[in-house]
Amino acid sequence: MSQPVDVGFSPQVPGGQYPPPGQYPPPGQQYPPPGQYPPPGQQYPQPGQYPQPGQYPPPGQYPPPGQYPPPGQQYPQPGQQGYGGPYGPPPNQYGQQPPAPYGQPPPAQYGQVPQQQGGQAWMPLPTVSNCPPGLEYLTQLDQLLVKQQVELLEAFTGFETSNKYKVKNSMGQQLYFAAEDTDCCTRNCCGPMRPFDIKILDTSQNEVIHLNRPLRCSSCWFPCCLQTLEVTSPPGTVIGTVKQEWSLCAPKYTIRNASDDVVLKIEGPFCTYSMCGDVEFQVLSADGDVQVGKISKQWSGLAKEAFTDSDNFGVTFPLDLDVKMKATLLGAVFLIDFMFFEKQGNKEGDGIGMLG
């Protein structure tokens, strides 16, 4: 029998070579286009392991290498709670988010996300019963920061404008916004001695505390007509008053409740010059024997102290103090600011004791 003769050519097939025996596609199935074969050594998926139609991720949403689910774990369904996206990383046990990397703050919990207004973080409002509306913030605090805003018109022209303040906690989260409500004539004619109404607003722009200071003399030579400040919360309901006590040297005040009972006392220093640094007013118990807190006027720099009357204050008090007395102490900060640290025409008005 004759041997096969090499005719000098080979049949042309996709890829240039015939597939090994047993690896032909089933009848009716086309060969993949050139360039789409799996790399050498990588086998086709076994029958039954192809994803079902409709389960492929949309284009551009394939997870990066190394983030595929382990074998036997299904892809999360779109909208499933606990995932950052349709195919985000799975949550840990009990559906919680994985812990934040070291050095980064943990994700905020429900009810603890500070509100944002104009880039300013506001303290979340706690839920407290039997408390005047808007004073719930004070139940969890033992100190407050009061920062007066700088008025450029007043700094350059000496024209007295209404004072505005921000009240914050020790973490810098804002609690209230306070604004003076007086007319132009009163501010520029009476200066620091002017009567005023200050509205203290919460994050929803609701007035939660109202302060009223009537027109009275501020000199030690008039002991029958000393300074007072009435605190109402909600506006119209008196919760406390701040009353100046007659003193020739160091300033003195009493913090009284709605029944006019003395709850706390305040004693200031003999020298109230803020150019010397922080000026501290001691908050004492009702009998005046124990210091329970303080109101401090904080040094804010030479330029700011010399050319503006924008002041920073800090006030501390016992954590378990009645929330109404905390609000009254906050009102005492504004009265002290006007009496000792408010300037008229950018002129320093500090003095020695009550003689200034």
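Modeller: Let's start with the cysteines: a search of the whole structure turns up zero disulfides. Bear in mind that this is a predicted model.

Colleague: Why is Cys190 called partly exposed?
Modeller: Buried means under 20% relative accessible area and exposed means over 50%, with partly exposed in between. Cys190 has 30%, so it counts as partly exposed.

Colleague: On to the rings. How many aromatic pairs are there?
Modeller: The count comes to six aromatic pairs. In one of them, the rings of Tyr137 and Tyr176 have their centres 5.5 Å apart and their planes at 85°.

Colleague: What makes the pair of Tyr137 and Tyr176 edge-to-face?
Modeller: Two cut-offs: centres within 6.5 Å make a pair, and planes over 60 degrees apart make it edge-to-face. With 5.5 Å and 85°, Tyr137 and Tyr176 pass on both counts, so the pair is edge-to-face. The pair also links distant parts of the chain, since Tyr137 sits in the loop between β2 and β3 while Tyr176 is in strand β5, 39 residues apart. Both Tyr137 and Tyr176 are buried.

Colleague: Why is the pair of Tyr165 and Phe334 called edge-to-face?
Modeller: The centres of the Tyr165 and Phe334 rings are 4.8 Å apart and the planes are at 80°, so this pair is edge-to-face. Here too distant parts of the chain are linked: Tyr165 is in strand β4 and Phe334 in helix α4, 169 residues apart. Tyr165 and Phe334 are both buried.

Colleague: Which residues form an aromatic cluster?
Modeller: Phe281, Phe313, Phe340 and Phe341 form one.

Colleague: What makes α4 largely enclosed?
Modeller: Of its 19 residues, 18 are buried, so α4 is largely enclosed by the rest of the structure.

Colleague: Now the strands. Which strands does β3 pair with, and in what sense?
Modeller: β3 pairs with β14 in the antiparallel sense over five bridges, and with β4, also antiparallel, over four bridges. At least two bridges are needed for a pair. Leu145 has Gly314 in β14 as its bridge partner, and Gln148 stands opposite Tyr165 in β4. As for the faces of β3, Leu144, Val146 and Gln148 make up the covered one, while Gln143, Leu145 and Lys147 make up the uncovered one.

Colleague: Last topic, charges. How many salt bridges does the structure hold?
Modeller: It holds six. One of them joins Lys199 and Asp181, with the closest N and O atoms 3.8 Å apart.

Colleague: Why does the contact of Lys199 and Asp181 count as a salt bridge?
Modeller: The cut-off is 4 Å, and the closest N and O atoms here are 3.8 Å apart. Lys199 lies in strand β6 and Asp181 in the loop between β5 and α2, so the pair ties together parts that are 18 residues apart in sequence. Lys199, at 32% relative accessibility, counts as partly exposed, and so does Asp181 at 41%.

Colleague: What makes Arg256 buried?
Modeller: Its relative accessible area is 15%, so with buried meaning under 20%, Arg256 is buried. Arg256 forms a salt bridge with Asp260, with closest N and O atoms 3.9 Å apart. Asp260 is partly exposed at 38%. Asp260 also forms a salt bridge with Lys243, at 3.2 Å between the closest N and O atoms.

Colleague: Which residues are linked in a network of salt bridges?
Modeller: Lys243, Glu245, Arg256 and Asp260.

Methods. Residues are numbered from 1 along each chain as its sequence is written. This is a predicted model: local features need pLDDT of at least 70, side-chain atom pairs count only at pLDDT 80 or more; totals for chains, interfaces and linings use all residues. Side-chain values use heavy atoms; hydrogens and water are left out. Buried means under 20% relative accessible area, exposed over 50%, partly exposed in between (1.4 Å probe, protein chains only). Helices (H or I, at least four residues) and strands (E, at least two) are DSSP runs, numbered from the N terminus. Rings of Phe, Tyr and Trp (its six-membered ring) pair if their centres lie within 6.5 Å; planes under 30 degrees apart count as stacked, over 60 as edge-to-face and the rest as tilted. A disulfide is a pair of cysteine sulfur atoms within 2.5 Å. A salt bridge is a side-chain nitrogen of Lys or Arg within 4 Å of a carboxyl oxygen of Asp or Glu.
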